[in-house]
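Subject: Structure handover

Hello,

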Amino acid sequence: DNEVAEAKKICREIKPKGLVFLGGDSGNFISGFKHIKVPSVLATVVMDELRFDNLSMVGVNDRAAGEAAINLLTQKGHRNICIIGADPAVSTPTKLRLKGCLDTLKRLGIPFEKGQFLQASFTWESAYDAMKLYLENNKAPTAVFATSDTQAIGAVRAILDAGLSVPGDISIVGFDGTPITRYYNPTLATMVQPGHEIAKASIKLLLKCIERENPAQTILLEARYQTGDSVRAL
């Protein structure tokens with residue numbers, strides 16, 4: 001769906017004073033947002049390529065979160081790490097998280113082959129298939145960082161179905177901090193997005209832009225690490 005096209009329709013029919021977008025595709029904004037004139041906030045995603053005077057952005061520092069995830073795994077002794085993510089050319093969060101991961105691995109002198117990035121959509125099935133295919137054709141990694149909890153859970157199932165254990169054979173860290181991570185078996189270590197903080201900051205920022213005609217601005221918040229039984233030290 002094209003969220004910007006829907007927003008244009010809302011502006012024509014309802015004439016709101018402001019808009020909040022819950023994520024979105026950069027291409028849709030680049031091609032269509034110029035037609036939206038009301039103050040707006042893009043929540044949960046920060047895209048460097050978007051520069052509109054009436055579009056603010058509030059989200060997690062995805063690059064720093066990717067760095068933190070890799071740092072946590074390497075501090076526990078992991079050197080053979082796979083990363084599961086969506087197509088970086090399409091998903092801005094994946095692109096930034098992956099860059100944080102790769103920059104950190106390079107800084108630490110840890111090799112990372114192109115094939116260690118497993119491309120999967122944000123579904124259990126897609127991540128399961130990507131992890132299953134990798135394990136069938138390669139030596140198992142000691143750790144996996146998935147750029148969403150959904151992908152992490154799909155990967156865990158593929159690991160278990162391959163006769164391996166989590167975290168005995170492979171440790172795994174997800175991203176988002178969805179409630180299921182605390183109830184899954186094993187409980188899933190994850191980088192938690194501060195959802196409540198993002199929501200509050202988005203609304204506060206939008207009201208300032210509407211009432212005070214403040215210029216657009218970008219707010220970056222930090223993800224925090226939630227421990228879980230899916231990670232062990234080597």
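β6, helix α6 (residues 149-161) and β7 form a β-α-β unit that is right-handed. Right-handed here means that, with the strands pointing away from the viewer, the path from the first strand over the helix to the second runs clockwise. Helices (H or I, at least four residues) and strands (E, at least two) are DSSP runs, numbered from the N terminus.

Two notes on the source. This is a predicted model, where local features need pLDDT of at least 70 and side-chain atom pairs count only at pLDDT 80 or more, while totals for chains, interfaces and linings use all residues. Residues are numbered from 1 along each chain as its sequence is written, and side-chain values use heavy atoms, with hydrogens and water left out.

The sheet around β6

Strand β6 covers residues 143-146. A143 and F145 point one way from β6, V144 and A146 point the other way, and all are buried. Buried means under 20% relative accessible area, exposed over 50%, and partly exposed in between (1.4 Å probe, protein chains only). In a regular strand the side chains alternate between the two faces of the sheet.

β6 runs parallel to strand β4 (residues 81-85), joined by four bridges. Strands count as paired if DSSP finds at least two bridges between them. C82 sits opposite V144 of β6, and I83 has F145 as its bridge partner. β6 also pairs with strand β7 (residues 171-176), again in the parallel sense, over three bridges. There F145 stands opposite V173.

Which order do the strands of the open sheet take? The six strands run β5-β4-β6-β7-β8-β10, with mixed pairing. β5 (117-119) and β10 (224-226) are the edge strands, each pairing on one side only. Neighbouring strands in this sheet are turned by 20 degrees against each other on average, direction ignored. Axes are lines fitted to C-alpha atoms, for helices over the stretch in contact, and angles run from 0 to 180 degrees between N-to-C directions.

Helix α3 (residues 62-75) packs on the sheet and touches β4, β6, β7, β8 (189-192) and β10. Its direction makes about 165 degrees with that of β6. Helix α4 (residues 92-108) packs on the sheet too, touching β4, β5, β6 and β7. The direction of α4 makes about 165 degrees with that of β4. Contact means heavy atoms within 4.5 Å.

Cores

The largest nonpolar core has 22 residues. A nonpolar core is a set of buried Ala, Val, Leu, Ile, Met, Phe, Trp, Tyr and Cys residues joined through side-chain atoms within 4.5 Å. I84, L118, M131, V144, I159 and I172 have the most contacts inside the largest one. β4, α5 (124-137), β6 and α6 each give two or more residues to this core. α6 gives the most, with six residues. L118 touches I83, I84, G85, A130, M131 and Y134, leaving aside residues up to four places away in sequence. A second, separate core of 20 residues includes V60, I81, I110 and A143.

Strand β2 spans residues 40-43. S40 and L42 point one way, V41 and A43 the other, and all are buried. Four bridges join β2 to strand β1 (residues 19-22), in parallel, with V20 opposite V41. The chain crosses from β1 through helix α2 (residues 26-32) to β2 in a right-handed β-α-β crossover. β2 also runs parallel to strand β3 (residues 55-60), over four bridges. In β3, M57 is the bridge partner of L42.

Cysteines

How many disulfides are there? The count is zero, taking a disulfide as a pair of cysteine sulfur atoms within 2.5 Å. For C11, the nearest cysteine sulfur is that of C209, 15 Å away. C11 counts as buried because its relative accessibility is 18%.

Backbone points to check

Most residues other than glycine have a negative phi, and most peptide bonds are trans. A cis peptide bond joins V166 and P167, with omega about 10 degrees. P167 is in the loop between α6 and β7. Another cis peptide bond joins N185 and P186, with omega about 5 degrees. P186 lies in the loop between β7 and β8.

K15 has a positive phi, near 55 degrees. K15 is in the loop between α1 (3-13) and β1, and at 63% relative accessibility counts as exposed. T44 has a positive phi near 80 degrees. T44 is in the loop between β2 and β3, and at 29% relative accessibility counts as partly exposed.

Best wishes
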